[in-house]
Amino acid sequence: MSDRIPDPQKPASGAEGNWFGFTPVDPSAKSGLVRAVFDSVATNYDLMNDLMSGGIHRLWKDTLMEMVAPKPDMTLLDVAGGTGDIAFRFLKKGGGAAVVCDITEAMVRVGRDRAIDRNILSGVQWTVGDAEKLPIAPRSVDAYTIAFGLRNVTRIDEAIKEAHRVLKPGGKFYCLEFSHVVLPVLRELYDVYSFQVLPFMGRVVAKDEASYRYLAESIRRFPQQADLAKRIEAAGFGAVRVRNLSGGIAAIHSGWRI
């Protein structure tokens, strides 16, 4: 393991598409590179999140679902929802119907298989689609969630605008994402974990060091909490709030569709 912890320069707001982790790329190539990563990790997706969060991602998702507060008359759109974690929680908590949309077909296949294994044969619609151009009708869903997916899109602002487009007036947007640690001591430890321990575990456990290194780098490229909140507001959302989880290792951004 290298002792070097990268200290990358933050990309300008809206310029995330120029970067694949810390590697500069043509924005037109980024979505293909992201699909390749998730094609590689699809069958180990839960393992990936367990390694990246120490298993705490399950509690974070439970917190997200408490905020969504599912009801029988609600329709949820879960973007980058791949293996169905959020959709399954939504149905279990009493939600009406869920649509799972993911850009990676391999992730959707894993999710469908998991649904069958859990005897979830109705209530979830699976579709392959891009967060920046959703195959969803305008003003058609009550809640929009994206968990650990927004940092991987090419144009974050376009994805947020699409969320606004598909939500009904009064609907709510939720983004759960790895974010930026707000406690200095924890930040230093988290950097060591992200850039030394995590890629090593990716190589040893999942036989895929490169994908795990990208995932760690993509977190550092993601906007700070306050910056992302401003961009959500700029897309037309009101009452935007940020809830830090585990000292900012993750955060939930939310806002109402006006």
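Biologist: Which residues does the UniProt annotation "binding site" cover?

Modeller: In this predicted model, the annotation, which comes from an unreviewed UniProt entry, covers Thr83, Asp102, Asp130 and Ala131. The label comes from that record, and such annotations may be inferred rather than shown by experiment.

Biologist: Where does Asp102 lie, and why does Asp102 count as buried?

Modeller: Asp102 lies in strand β4, which covers residues 97–102. Its relative accessibility is 6%, and buried means under 20%, so Asp102 counts as buried.

Biologist: What is Asp102 in contact with, leaving aside its neighbours within four places in sequence?

Modeller: With those neighbours left aside, Asp102 is in contact with Ala80, Gly81, Gly82, Met107, Val108, Thr127, Val128 and Gly129.

Biologist: Why is Ala131 called buried, and where is Ala131 found?

Modeller: Ala131 is found in the loop between β5 (124–128) and β6 (141–147). Its relative accessible area is 7%, and because buried means under 20%, Ala131 is called buried. Apart from neighbours within four places in sequence, Ala131 is in contact with Val79, Val153, Ala159 and Glu162.

Biologist: How do you know what span is expected of helix α1?

Modeller: Helix α1, residues 27–41, has 15 residues, and at 1.5 Å a residue a span of 21 Å is expected. The expected span is 1.5 Å times one less than the number of residues, and the helix reaches 22 Å from its first C-alpha to its last, which is close to that expectation. At the start of α1, a side-chain oxygen of Asp26 reaches to within 2.9 Å of the backbone nitrogen of Ser28.

Biologist: Which residues of α1 are buried, and why can they be said to line one face of the helix?

Modeller: In α1, Lys30, Val34, Val37, Phe38 and Val41 are buried. Seen down the axis of α1, the buried residues fall within an arc of 90 degrees, and therefore they line one face of the helix. These buried residues pack against β1 (19–20), α2 (45–53), α5 (105–117) and α8 (209–221).

Biologist: Which residues of the largest nonpolar core touch the most other members?

Modeller: That core has 51 residues, of which Phe38, Met48, Trp60, Val68, Leu176 and Phe178 touch the most other members. A second, separate core of 27 residues includes Val79, Cys101, Ile146 and Val153. To return to Val68, and not counting residues up to four places away in sequence, Val68 touches Met74, Phe90, Ala143, Thr145 and Tyr174.

Biologist: Which residues of α3 are buried, and what covers them?

Modeller: The buried residues of α3 are His57, Trp60, Lys61, Thr63, Leu64, Met65 and Val68, and what covers them includes α2, α4 (85–92), β6, β7 (167–178), β8 and β9 (250–257). Helix α3 itself, residues 57–68, reaches 16 Å from its first C-alpha to its last, close to the 16 Å expected for its 12 residues. Just after α3, Ala69 takes a positive phi of about 55 degrees.

Biologist: Why does Ala239 count as partly exposed?

Modeller: The relative accessibility of Ala239 is 42%; buried means under 20% and exposed means over 50%, and a value in between is called partly exposed, so Ala239 counts as partly exposed. Ala239 lies in strand β8, residues 237–245, and has a positive phi of about 50 degrees although it is not a glycine.

Biologist: How do you know where Gly95 and Pro70 stand, in sequence and in space?

Modeller: Gly95 and Pro70 are 25 residues apart in sequence and 4.4 Å apart in space, C-alpha to C-alpha. Gly95, which has its place in the loop between α4 and β4, is in contact with Pro70, Lys71, Pro72, Met74 and Phe90 when neighbours within four places in sequence are left aside. With a relative accessible area of 12%, under the 20% limit, Gly95 is buried.

Definitions and conventions. Residues are numbered from 1 along each chain as its sequence is written. This is a predicted model: local features need pLDDT of at least 70, side-chain atom pairs count only at pLDDT 80 or more; totals for chains, interfaces and linings use all residues. Side-chain values use heavy atoms; hydrogens and water are left out. Helices (H or I, at least four residues) and strands (E, at least two) are DSSP runs, numbered from the N terminus. Buried means under 20% relative accessible area, exposed over 50%, partly exposed in between (1.4 Å probe, protein chains only). Contact means heavy atoms within 4.5 Å. The arc is that of the directions from the helix axis to the C-beta atoms. A polar contact is a pair of N or O atoms within 3.5 Å; within protein, one must be able to donate a hydrogen and the other to accept it, and residues adjacent in sequence count only if both atoms are side-chain atoms. A nonpolar core is a set of buried Ala, Val, Leu, Ile, Met, Phe, Trp, Tyr and Cys residues joined through side-chain atoms within 4.5 Å.
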